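Me: Please take a close look at one part of this model. Keep it brisk, and give the cut-offs as you go.
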Amino acid sequence: LAERTNLAGVQHILLVLSGKGGVGKSTLSTELALALRNAGKRVGILDVDLCGPSIPRMLRVQDSAVHQCDSGWVPVFVGQDKAIALMSIGFLLERPDDAVVWRGPKKNALIKQFVTDVAWGDLDFLIVDTPPGTSDEHISTVEALRPHQPLGAILVTTPQ
Amino acid sequence: AEAAELRARLRAVRHTVLVLSGKGGVGKSTFSALLAHGLAADETKQVALLDIDICGPSIPKMMGLEGEQVHQSGSGWSPVYVEENLGVMSVGFLLSSPDDAVIWRGPKKNGLIKQFLRDVDWGEVDYLIVDTPPGTSDEHLSIVQYLSATHIDGAVIVTTPQEVSLQDVRKEINFCRKVKLPIIGVVENMSGFVCPKCKSESQIFPPTTGGAEKMCQNMNVSLLGKVPLDPLIGRSCDRGQSFLAEAPESPATLSYRNIIQRIQEYCEQHHLQEEKIM
C-alpha cells in the first residue's frame with residue numbers, strides 16, 4: 001500500500017509566477033491566502049524563494065522556527081487565527097540576514113523536501129510563491145508537484 | 001589553464017563593477033544601463049556592459065538593441081555596440097525570439113557566463129559593468145569566481161526603501177562579505193516621488209524601517225545616493241533610450257550623475273592605492 005503523501009490532503013495547488021522580479025508575487029500570494037482564509041478555506045503557502053524569502057515578514061512570523069513531526073516538518077501557522085500554514089526557508093536560517101548562497105543542486109534538494117516533507121494536513125488551497133526567473137527553483141518545483149496535479153499558475157506583472 | 005585563458009582575455013580591463021541586489025525589480029538593470037551611458041559620455045573611455053541575467057535579460061531592450069545578433073570573428077564574439085565606446089553583451093542577443101524562455105539549471109547558466117567572459121572580444125576596456133539577476137546563487141558565485149582571474153573594483157548594491165527589499169539586500173551585503181567582494185556602496189531607487197504638477201512629495205515605497213540610509217549605517221556600508229521615482233525612467237527603458245539624455249533636468253538624473261561620479265572616484269582612487277602598494 002502506498003503511504004499517504006503529505007500532499008494527499010491538499011485539494012488545489014496554485015503557483016504564483018512571474019519571470020520578472022519585484023512585481024508583487026509574494027504580495028499577491030500573501031493577499032490571496034488571506035482572502036481565501038477569510039472566505040473560510042483551509043490555506044497553506046509554500047515559499048520556494050530560497051534566496052529572497054519574503055513571506056515570513058509579510059505575515060509577521062519572521063522570528064518563528066519549524067519543528068519536526070513523524071511525517072516531516074510542521075509548517076508555521078500564521079494569520080489572525082493562526083490558521084494559514086506556511087513553509088519558507090526563512091524559518092531555517094540561523095540569522096535573518098544570512099545569505100543563502102547555494103548553487104542549483106542544493107536548492108533543488110531543499111525544494112524537493114519542501115514539497116514532499118511538509119505535513120500540510122488537509123488544505124483547500126496550497127499557494128506556491130516562487131522567485132523571479134525560469135531556473136532551478138521553477139524546474140524543480142514543477143517537477144516535484146507534477147504528480148500532485150497543480151491546478152495552474154497565476155502570472156504577475158507590472159505594466160512596463 | 002582555464003583561469004589563464006580568462007586572465008588573458010580580461011587583462012585589458014581596467015575597472016570592473018558588479019551591480020547586485022538580492023531583491024528583484026529594484027532597478028539593477030536600469031542602473032547598469034545608466035552607469036554605462038554615464039561613463040561612456042567621456043569619449044576617451046571604453047565601456048563594456050555585460051548582462052548575466054540569463055532568465056530575464058533586460059539590457060538589450062534598455063539599450064535600444066533588441067533584435068541585434070552577436071557576430072563571431074577570428075578574435076571571438078563581437079559585443080554589440082551602442083556607441084563606438086560602449087559595447088554590450090547579453091543572452092538576449094542569442095535568442096531567436098525575445099519571448100523564448102531560457103529554462104536552464106545552474107550548470108548551463110554558469111557555462112554561458114564563462115563563455116561571455118572567455119569568448120567575447122571586448123578589446124581594451126576602461127570600465128566593465130556587470131548586470132546581474134536578483135539573488136545569491138549560481139550566477140553570482142560564478143561571476144565572482146571567474147572574475148577572480150582579473151580584479152573586481154567592487155559591487156554597487158541597489159535597493160528600494162521598503163523593508164521587504166532591505167531584508168534581501170542585507171543578505172546580498174553578507175554575500176559580498178562572504179566572497180570578499182568589496183562594496184562600493186548602496187543606491188536607493190524609487191526613493192520618493194515628486195508630482196510634476198503640484199510638486200508635493202509622496203513616499204510610494206515608505207521606508208518603514210529607515211530605508212537604505214539606516215541599513216547602511218547599521219551595516220557600515222556607503223550610501224552612494226537616493227534616486228527619486230520618475231515615470232520617464234520606465235518609459236526611457238521601454239524605449240531603449242538613455243534617461244540621462246532624455247531628461248537632463250530631472251532630479252533623478254542629478255542623483256544618478258552624482259552616484260556615477262562617486263563610483264568613478266572610487267575606482268580611480270582604488271587604482272591609485274593599488275599602484276602604490278605594488
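Is B:Trp77 buried or exposed, and what is its relative accessible area?

Reply: B:Trp77 is buried, at a relative accessible area of 10%. Buried means under 20% relative accessible area, exposed over 50%, and partly exposed in between, with a 1.4 Å probe and protein chains only. The model is predicted, with local features needing pLDDT of at least 70 and side-chain atom pairs pLDDT 80 or more, while totals for chains, interfaces and linings use all residues. Residues are numbered from 1 along each chain as its sequence is written, chains are lettered from A and ligands numbered from 1 in the order written, and side-chain values use heavy atoms, leaving out hydrogens and water.

Now the rings. Over all chains, the structure holds four aromatic pairs. Rings of Phe, Tyr and Trp (its six-membered ring) pair if their centres lie within 6.5 Å; planes under 30 degrees apart count as stacked, over 60 as edge-to-face, and the rest as tilted.

Take chain A. A:Trp73 and A:Phe114 have ring centres 5.6 Å apart and planes at 70°, so this pair is edge-to-face. A:Trp73 sits in strand 4 (residues 72-74) of chain A and A:Phe114 in helix 3 (residues 104-116) of chain A, so the pair ties together parts 41 residues apart in sequence. Helices (H or I, at least four residues) and strands (E, at least two) are DSSP runs, numbered from the N terminus. A:Trp73 and A:Phe114 are both buried.

Back to B:Trp77. B:Trp77 pairs with B:Phe116 edge-to-face, 6.1 Å centre to centre and with 75° between the planes. This pair links distant parts of the chain: B:Trp77 is in strand 4 (residues 76-78) of chain B, B:Phe116 is in helix 4 (residues 106-119) of chain B, and they are 39 residues apart. B:Phe116 has 0% relative accessibility, so B:Phe116 counts as buried.

Helix 4 of chain B also carries B:Lys114. B:Lys114 is buried too, with a relative accessible area of 16%. Leaving aside neighbours within four places in sequence, B:Lys114 is in contact with B:Glu2, B:Leu6 and B:Tyr146. Contact means heavy atoms within 4.5 Å.

One more aromatic group: B:Phe31, B:Phe243 and B:Tyr256 form one cluster.

Last, a strand pairing in chain A. Strand 2 (residues 43-47) of chain A and strand 7 (residues 123-129) of chain A pair in the parallel sense over five bridges. Strands pair if DSSP finds at least two bridges between them. A:Leu46 stands opposite A:Val128 in strand 7 of chain A.
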